[in-house]
Amino acid sequence: MHEPTERVDLRVGALVASFLPSCGMLGVSLRCDDREFVALPRSLADFGAGHPTGVPLLYPWANRLRSHTYRVGARSVDLHDLGVATDANGLPIHGVHLDRSFAVVELDDARVVASHDAAAEPDLLAAYPFPHVLTVECTLDADTLTVHTTVDNTGDTALPIAFGWHPFFTLPGTPREQWRLRTPPCEHHVCDLRLLPTATTTPQPALDAPIGTRTYDDHYRLGTDRTFVIADDRHTITLQCGEHYPSAQIYLPSDGDFVCIEPMTGPVAALSDGTTPMVAPGERFTATWSVTVRRT
């Protein structure tokens with residue numbers, strides 16, 4: 001794993017956001033009023049082994065695949081023996097080597113831009129054989145962190161887009177069952193026992209209520225309203241998924257003092273199912289999400 005020697009702090013007023021470019025552009029803090037809103041339930045060593053923590057980019061695919069092989073056009077990819085992380089059912093999950101190093105190319109108090117070139121990373125190209133440059137731009141204003149993720153296709157074939165982010169949010173000092181969780185009207189994917197989506201979805205109205213004893217490991221197709229909210233009597237955290245994040249996963253296990261709301265560029269297993277957006281050679285894809293912190 002790359003040593004996380006380079007920590008970048010963005011600061012505007014009372015809001016501070018921190019990232020580790022040398023560790024996958026991992027977000028490790030979002031704090032305001034001496035309160036930390038990012039949970040770190042796992043160590044950096046665990047993160048390097050494929051277990052998310054903080055605010056990680058899941059790349060080149062988010063969530064899980066249906067098997068250790070997938071096909072894009074005439075190209076077949078075999079993930080066996082590549083050391084990809086797997087879930088409890090042995091399915092590839094959360095992409096490849098989440099801790100790969102990004103180079104910072106622009107930095108000031110309110111903005112950082114970092115990138116890496118996949119052409120220089122044989123291990124990534126073995127699992128995702130599509131030359132490209134991946135760039136993450138994070139900007140901060142008085143109450144909002146905005147994250148732009150851009151893929152530039154530098155190869156000579158179309159490139160599939162399947163990435164996502166997996167932020168762990170927390171509201172310290174308030175019992176989790178008292179946190180209010182707002183989800184927008186959407187379609188809930190019916191999943192099988194391996195947490196893979198079936199062909200069935202069910203409509204789900206907007207929900208805005210205390211978490212109580214609810215748990216989630218659920219996948220959704222979003223509509224025009226893509227706003228999620230976590231709040232207590234001190235702060236409100238609002239996550240907004242941009243137009244290129246039509247899907248989201250909510251992860252809320254019975255243990256752990258956090259809620260994960262995960263913007264995704266497509267449904268679970270889109271890379272396996274051939275349902276990803278495609279980027280032509282020489283073209284660019286950018287997806288944006290943001291999180292706003294305000295006093296309640």
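Asn63 counts as buried because its relative accessibility is 3% (buried means under 20% relative accessible area, exposed over 50% and partly exposed in between, using a 1.4 Å probe and protein chains only). The structure is a predicted model, in which local features need pLDDT of at least 70 and side-chain atom pairs count only at pLDDT 80 or more, while totals for chains, interfaces and linings use all residues. Residues are numbered from 1 along each chain as its sequence is written, and side-chain values use heavy atoms, with hydrogens and water left out.

Asn63 also has a backbone feature to look for: its phi is near 60 degrees, a positive value in a residue other than glycine. Asn63 sits in the loop between S5 and S6; strands (E, at least two residues) and helices (H or I, at least four) are DSSP runs numbered from the N terminus. That loop, which runs between strand S5 (57-58) and strand S6 (69-72), also holds Pro60. A cis peptide bond, with omega about 5 degrees, links Tyr59 to Pro60.

Strand S6 contains Thr69, which counts as partly exposed because its relative accessibility is 38%. Beyond its neighbours within four places in sequence, Thr69 is in contact (heavy atoms within 4.5 Å) with Val77, Asp78 and His80. Between Thr69 and His132 there are 63 residues in sequence and 21 Å in space, C-alpha to C-alpha.

Two histidines come next. His94 has a positive phi of about 70 degrees, although it is not a glycine, and lies in the loop between strand S7 (75-78) and strand S8 (103-108). With 10% relative accessibility, His94 counts as buried. His166 belongs to the loop between strand S13 (164-165) and strand S14 (168-169), and it is buried too, at a relative accessible area of 4%. Leaving out residues up to four places away in sequence, the residues that His166 touches include His94, Tyr251, Cys260 and Glu262.

A pocket here is an open set of points on a 1 Å grid over the protein atoms alone, where a 1.4 Å probe fits, with protein on both sides within 12 Å along at least five of seven lines; lining residues have an atom within 4 Å of a point. The space in the largest pocket is about 370 Å³. Its lining divides into seven nonpolar, eight polar and five charged residues.

Finally, the structure holds zero disulfides, that is, pairs of cysteine sulfur atoms within 2.5 Å. Cys138 is buried at 1% relative accessibility, and its sulfur is too far for a bond because the closest cysteine sulfur, in Cys23, is 14 Å away. Cys191 is partly exposed at 28% relative accessibility; its closest cysteine sulfur, in Cys186, is 13 Å away, so the sulfurs are too far for a bond.

Notes. Points joined across faces, edges and corners; volume = space filled by probe spheres on them. Nonpolar A, V, L, I, M, F, W, Y, C, P; charged D, E, K, R; others polar.
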